[in-house]
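Please consult the sequence and the structure shown here while reading.

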Amino acid sequence: MISWEERLRLILAIVDKDRRIPVWMWITTFLIALVGFFLLLPAALSSVSYSFRPTWTWYDYNLRPYYAVSAALTSLLLGLTFAHFHHGEVHRGTIRSIILYPVDMNDITIAKLVSSLIVSAILSTVLFVGVFGGFFLVGYFPLGDFLAIHVTALAMSFLALAVGVFLAQAIAHVAGRMLISPTALGAIFLLSILMTETGLTFLGTQVAFLMRPSGRGFTIADFEAIRSIAQSLSVFSPHHVGARVLAIAFGITGMWADLHVIVPLAALIFAGGYLFGKKLYLDVFIR
């Protein structure tokens, strides 16, 4: 039985290997951030041209779009980096060399998740801060609040990814083979950004428009029914919880953060995926 100290050393070795991403990825990230900075710089400068400029105040209508931008950015980067680190290991055949080390499925999973989190956090922060950098420089946007939005969105995206990855391990144990890869199921769970109240309301409205009988208009009652269903289903989205936590922190709402669904469900999947992962043979990747 390998000790936790040795397992931790091997996990950190995998993380250290993965974090060394190609230089072109850093250059591309900085270039995109720079282009975004200069594109929005005129708007930032025009915001300080008025003699009277009110202090920034958070409302529900301005929190949602900025959180959505950060959530989409972090979800995209987490999905791509995890696919590069985890699926790429299998695709290149280098997973065979890892099998020779005294690690189990959980060690690889944890290492790849940590690697993805570190790299995605750096890249997404550079992009997020860079694009809105002009507004931060002129003092129009509160940098601390926007960093809180970004960190929360990153944490919720990572939670969704981790839940999908560990659930894939549980399914692989029950089925005896990798029916759906951790990369694919993690990507599917990252789509939880669409399960927020705003996302579900938009999708439900589009479906209702397509399915409505010919000649029948779309009433306010229809919209309210869709919105009610969206509010009920949104508790399954980590991003709904993240946005609600921020709304409470910014003094927008005094409502409950809806942690009663996400927290126990995620804890159950983590525990089950970890226990089943200890019973999985690593050659499940290449069978």
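In this predicted model, helix α1 (residues 4-18) packs against α5 (105-131) at an angle of about 40°, the two axes being 9 Å apart. The two helices are therefore oblique to each other, a class that holds what remains once angles under 35 degrees (roughly parallel), over 145 (roughly antiparallel) and 65 to 115 (roughly perpendicular) are set aside. Axes here are lines fitted to C-alpha atoms, for helices over the stretch in contact, and angles run from 0 to 180 degrees between N-to-C directions. Helices are DSSP runs (H or I, at least four residues; strands are E, at least two), numbered from the N terminus.

The crossing of α1 past α5 is right-handed, that is, the near helix is turned clockwise from the far one by less than a right angle. On the α1 side, the contact (heavy atoms within 4.5 Å) involves Arg-7, Ile-11, Ile-14, Val-15, Lys-17 and Asp-18. On the α5 side it involves Asn-106, Asp-107, Ile-110, Ala-111, Lys-112, Val-114, Ser-115 and Ile-118. By residue class, this contact comprises seven nonpolar, two polar and five charged residues; Ala, Val, Leu, Ile, Met, Phe, Trp, Tyr, Cys and Pro count as nonpolar, Asp, Glu, Lys and Arg as charged, and the others, Gly among them, as polar.

Ile-11, in helix α1, is buried with a relative accessible area of 6%. Buried means under 20% relative accessible area, exposed over 50%, and partly exposed in between (1.4 Å probe, protein chains only). Leaving aside neighbours within four places in sequence, Ile-11 is in contact with Asp-107, Ile-110 and Ala-111. The C-alpha atoms of Ile-11 and Ile-110 are separated by 7.4 Å, although the residues lie 99 apart along the chain.

Helix α5 also packs with α12 (259-277), and these two helices are likewise oblique to each other. Met-105, Asn-106 and Ile-110 of α5 meet Gly-273, Tyr-274 and Gly-277 of α12. This contact divides into three nonpolar, three polar and no charged residues.

| Helix pair | Angle between axes | Axis distance |
|---|---|---|
| α1 and α5 | about 40° | 9 Å apart |
| α5 and α12 | roughly 130° | within 8 Å |

Asp-258 lies in the loop between α11 and α12. Its phi is near 60°, a positive value in a residue other than glycine. Asp-258 is buried, with a relative accessible area of 13%.

The largest nonpolar core has 27 residues, of which Trp-58, Leu-63, Tyr-67, Phe-132, Phe-141, Phe-146 and Ile-149 touch the most other members. Such a core is a set of buried Ala, Val, Leu, Ile, Met, Phe, Trp, Tyr and Cys residues joined through side-chain atoms within 4.5 Å. Several helices each supply at least two residues, including α2 (23-46), α3 (60-91) and α7 (143-175); α3 gives the most, with seven. Apart from this core lies another, of 16 residues, among them Phe-82, Val-163, Val-241 and Ile-262.

Overall, the chain has 12 helices and zero strands, and 42% of its 287 residues count as buried.

Residues are numbered from 1 along each chain as its sequence is written. Local features need pLDDT of at least 70 and side-chain atom pairs count only at pLDDT 80 or more, while totals for chains, interfaces and linings use all residues, and side-chain values use heavy atoms, with hydrogens and water left out.
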